[in-house]
Amino acid sequence: MVGLGEALLGIVFGLVILWALHRLSVIGRAALALRGAETTDIYQYEDGQQVATTGQVIVDEAAPVAERIFDSVDETIGAYSWHAWFPDVSRNTYDFERGELRNGRNTFASGFEAGSVAIKTGGQPLEIDFARFESVYDPDRLSGLEIGDPRSNTSLPTFMTRHVWDSLYVSLSAVTGDCSMTRLADVVDLHRHDVDTDEFNIEGRGIAAGQELFVHGELQVRNGEYTIVGTDTTPLIISDTGRTGYLNGLLWRAIKYLIALVGAIGLTVLFVL
């Protein structure tokens, strides 16, 4: 008979297995989508077709409060993914970019802010519609985000969240920024009573004017204007590392999730069954 301890372990391992399987299924969908869309001149295609292309970013309207989060970046930021976090002194993680250990970070909110962004390909602008991220992830909005409220700033394990920050369809690393939430006091809702709000921070990964961006999605043509969108059958994918860099990133993530899957199954057999 399985005891209470074994049952609890079984639940935890089961959640990890489901998380790993879900992430692997998303990777598989993204890889298959790119396999069916060659990177080429989009203007030979018709409305509703699946396309993949690379072009230079054009920003007609900056994303909200991007100038504060990316204050060290000279170019205009047209869109960015972000996560709000506070430090976890009980654990450390290795920062590969800096080559050092740093305190862990607990993410309690994540979202995607956008202005008006297009890429120039074939001599013409191709607008990017980021609305698909809204429907898939139901992201938080910076405007009115509650900071310092223990009830809303709870950090859950990664396999229990759907943060756009962790999206497998968004691969941004070239343009980064961060700042304390106190710099956004006129945007977010700071709870200053009995809470050190200085420990709450925001980190962003942006899309800047002039950089090269790879985009995959469904082409829409309206009155001679081209827009790329995401749909139920065609995911919207954006990457600042190009098609090859994005696929390499998927491969490394797939290996990580396979290790987690095999490990969780092995531990289930060892300690539960």
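Q: How far from the centre of the ring of Trp85 does the charged end of Arg105 sit?
A: This is a predicted model, in which local features need pLDDT of at least 70 and side-chain atom pairs count only at pLDDT 80 or more, while totals for chains, interfaces and linings use all residues. Residues are numbered from 1 along each chain as its sequence is written, and side-chain values use heavy atoms, with hydrogens and water left out. A charge sits over a ring if NZ of Lys or CZ of Arg is within 6 Å of the ring centre and within 35 degrees of the ring normal. The charged end of Arg105 sits over the ring of Trp85, and its distance from the ring centre is 4.0 Å.

Q: Which residue lies over the face of Trp165?
A: Here too a charge is placed over a ring. At 3.7 Å from the ring centre of Trp165 lies Arg205.

Q: Which residue of strand 11 is the bridge partner of Val51?
A: Strands are DSSP runs of E with at least two residues, numbered from the N terminus, and two strands pair if DSSP finds at least two bridges between them. Strand 1 (residues 50-61) and strand 11 (residues 212-222) run antiparallel and are joined by seven bridges. Within strand 11, the bridge partner of Val51 is Gly217.

Q: Which residue of strand 4 is the bridge partner of Val57?
A: Strand 1 is also joined to strand 4 (residues 116-121) by five bridges, and these two strands run antiparallel. In strand 4, Val57 has as its bridge partner Ile119.

Methods. Helices (H or I, at least four residues) and strands (E, at least two) are DSSP runs, numbered from the N terminus.
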